[in-house]
Amino acid sequence: GPVGIISLEMREYNLRRRMVYEDADVVLGNVDKGWLTEPEQERVIRTIEEHRKLPIFVDDSPGNIDQVRSRIHKMVSVHKVKMIWVDHLHHIRMKKRDKKSDVAYNIEVLDDLFKSLGVPGGVLCQLSRPEKGKEDRKPTLSDLRWAGEIEQVAESVTMIAKEEDDGRAVALPKNRDGSPM
């Protein structure tokens with residue numbers, strides 16, 4: 001079904017561009033330098049056509065939690081989205097309280113909103129950079145800024161970290177519906 005993305009970090013054009021190049025398996029830096037092979041160009045064109053048919057609705061307007069909540073309501077009522085992603089938590093404008101309290105409040109508002117609308121939702125946030133020399137690159141809750149507030153409210157926390165060999169390290173340190181991984 002349709003998916004809604006509240007993109008507070010990246011403009012819609014840039015987000016869609018990244019999605020296309022990722023799906024076309026093309027290196028974005030090569031696109032910017034004009035270094036695409038003919039097969040890569042064909043894959044990009046084909047992927048753009050495929051993406052035009054996808055029911056993905058993006059709102060890239062900045063805003064505070066009340067504005068974000070209003071946009072999510074609109075996506076669900078007008079576009080009938082079945083899932084919402086908010087990118088990302090720390091870009092929601094704060095209400096001038098302390099950041100820690102605002103983060104906790106914003107997570108609670110979004111969690112309540114997703115439940116009341118009956119749609120699954122995810123809120124993205126960046127991990128801290130790993131400490132130099134840290135051998136186990138698997139992310140942990142302590143890698144999140146304001147981890148306590150996030151863990152307290154979130155149904156689950158999934159963490160993905162890019163590895164040096166272009167692989168991904170995935171962890172599920174919080175999962176109310178099952179055991180952590």
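The exercises below work through the fold and the charged side chains of a predicted model.

**Exercise 1.** Describe the secondary structure of the protein chain and the order of its elements.

*Solution.* Begin with the inventory, which comes to six helices and six strands. Then read along the sequence, where the elements follow the pattern β-α-α-α-β-α-β-α-β-α-β-β.

**Exercise 2.** Decide whether arginine 71 and aspartate 59, which meet in a salt bridge, are buried or exposed, and locate each partner.

*Solution.* First, the side chains of arginine 71 and aspartate 59 come to 3.6 Å, N to O, in this salt bridge. Next, arginine 71 belongs to helix α4 (residues 65-79) and aspartate 59 to strand β2 (residues 56-59), so that the pair, 12 residues apart, links distant parts of the chain. Finally, buried means under 20% relative accessible area; arginine 71, at 15%, is therefore buried, and aspartate 59, at 17%, is buried as well.

**Exercise 3.** Trace the salt bridge between lysine 115 and glutamate 155, and name the network to which both belong.

*Solution.* The side chains of lysine 115 and glutamate 155 meet at 3.2 Å, N to O. Since lysine 115 lies in helix α5 (residues 99-117) and glutamate 155 in the loop between α6 (147-153) and β5 (156-162), the pair ties together parts 40 residues apart in sequence. Salt bridges with shared partners join Asp111, Lys115 and Glu155 into one network.

Terms used: Residues numbered from 1 in each chain as written. Predicted model: local features only at pLDDT ≥ 70, side-chain atom pairs only at ≥ 80, totals over all residues. Heavy atoms only, no water. Helix = DSSP H or I, 4+ residues; strand = E, 2+ residues; numbered from the N terminus. Salt bridge = Lys/Arg side-chain N within 4 Å of Asp/Glu carboxyl O. Buried < 20%, exposed > 50% of the residue type's maximum accessible area, 1.4 Å probe, protein only.
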